[in-house]
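Dear colleague,

Please find below the structure that I am handing over to you. My notes on what was found in it follow directly after.

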Amino acid sequence: MNRIVEVVPDGTALWVRALDIVLTQFHAAIAERGRFTLALSGGSTPKALYRAIATQDLPWEKLYLFWGDERYVPPDHPDSNQGMTRHVWLDQIAIPSRNVFPMPTLAVNPEGDASAYEATLQAFFAVAPGELPTLDLVLLGMGEDGHTASLFPHTQALEVRDRLITVGYKDGQPRLTFTVPLINQARCVLFMAAGAGKQQALRHVFAPIDSETDYPSRLIQPRGELRWLLDQAAAQGLEGA
Ligand SMILES: O=C1O[C@H](COP(=O)(O)O)[C@@H](O)[C@H](O)[C@H]1O
């Protein structure tokens, strides 16, 4: 695994650099494969990046969007990762609706919806059950507890190796999430983390030896490139950062 860590001064520099990385990957993927497959993170950190991508003049029909995790709420709920993305990015651009693959969260059956989204990925990437699709870029964030996507500390979702999508639980509430093997199959994984609140978890995630069940972001070791983009506040006290 090839880990690249970049530390930038602040939140603005974070989205500026992230935009640069995403655009580089976008153009490289289109040049090599004719399309760009991107999995999105939610939460607060990527919002400014999504706003910035929306201002770009890009061949949107070549972009295929997935979500790495989703809260189990309708898209118009304030907690919805899809809703946030549509509001700041997708509603501003002319992307064909067939290119956008939100996680289904309208039924009352998270397990069934996880299977349905897995089938969506298998069909899109034309992979058989048991095979792993390769996304060009998976964007991830990290919570203050070290979780990433909806892979929370000490939950069963961390152990799932035979599925693409599973149900992760936060405080007893279900969410849909990419599994560790699916994330690790990506050509590139980009973590963005900002703010002093992330310092402690980052020290554990970057330590040579530590617990993956305490700090699930440690499980992310893609076969492709692993990038961490941190602001100064998050990186404070990190060995070598
Ligand atoms: O709950 C979530 O949290 C993480 C981190 O979010 P942030 O607000 O600290 O940026 C996020 O990556 C994940 O997609 C989201 O569902």
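Helix packing is described here with axes, which are lines fitted to C-alpha atoms, for helices over the stretch in contact, and with angles that run from 0 to 180 degrees between N-to-C directions. Helices (H or I, at least four residues) and strands (E, at least two) are DSSP runs, numbered from the N terminus. On these terms, α2 and helix α3 (residues 81–88) pack at an angle of about 40 degrees, and their axes are 8 Å apart. That makes α2 oblique to α3; angles under 35 degrees count as roughly parallel, over 145 as roughly antiparallel, 65 to 115 as roughly perpendicular and the rest as oblique.

Please note that this is a predicted model, in which local features need pLDDT of at least 70 and side-chain atom pairs count only at pLDDT 80 or more, while totals for chains, interfaces and linings use all residues. Residues are numbered from 1 along each chain as its sequence is written.

**The chain as a whole**

The chain contains 7 helices and 10 strands. Its radius of gyration (taken over C-alpha atoms) is 17 Å, close to the 18 Å that the globule rule (2.2 Å times the number of residues to the power 0.38) gives for 241 residues, so the chain is as compact as a globular protein of that length. The C-alpha trace spans about 45 × 40 × 35 Å along its principal axes. Of the 241 residues, 42% are buried; a residue is buried if 20 or more other C-beta atoms lie within 10 Å of its own, exposed if 12 or fewer, and partly exposed in between, with C-beta atoms placed from the backbone. Two residues are in contact if their C-beta atoms, placed in that way, lie within 7 Å. Among contacts between residues at least 6 apart in sequence, 75% join residues at least 24 apart.

**Helix α2 and its partners**

In α2, the residues Leu49, Tyr50 and Ile53 are buried. They cover an arc (of the directions from the helix axis to the C-beta atoms) of only 95 degrees, which puts them on the same side of α2. These buried residues pack against α1 and α3.

Towards α3, Lys47, Tyr50, Arg51 and Ala54 of α2 meet Met84, Thr85 and Val88. With α1 (residues 11–33), α2 (residues 47–54) packs at an angle of about 50 degrees, the axes being 9 Å apart. That makes α1 oblique to α2. At this contact, Gly11, Trp15, Ala18, Leu19 and Val22 in α1 meet Ala48, Leu49, Ala52 and Ile53 in α2.

Ala201, Leu202, Val205 and Phe206 are buried in α6 (residues 199–206). Seen down the helix axis, the buried residues of α6 fall within an arc of 125 degrees, so they line one face of the helix. Their cover includes β9 (188–193) and α7 (232–235).

Aspartate 210 lies in the loop between α6 and β10 (225–231). It counts as partly exposed because it has 13 C-beta neighbours inside 10 Å. Leaving aside residues up to four places away in sequence, aspartate 210 touches His204, Tyr215 and Arg218.

**Glycine 34**

Glycine 34 is found in the loop between α1 and β2 (36–40). With 8 C-beta neighbours inside 10 Å, glycine 34 counts as exposed. Its C-alpha atom is separated by 38 Å from that of alanine 201, which is 167 residues away along the chain.

Yours sincerely
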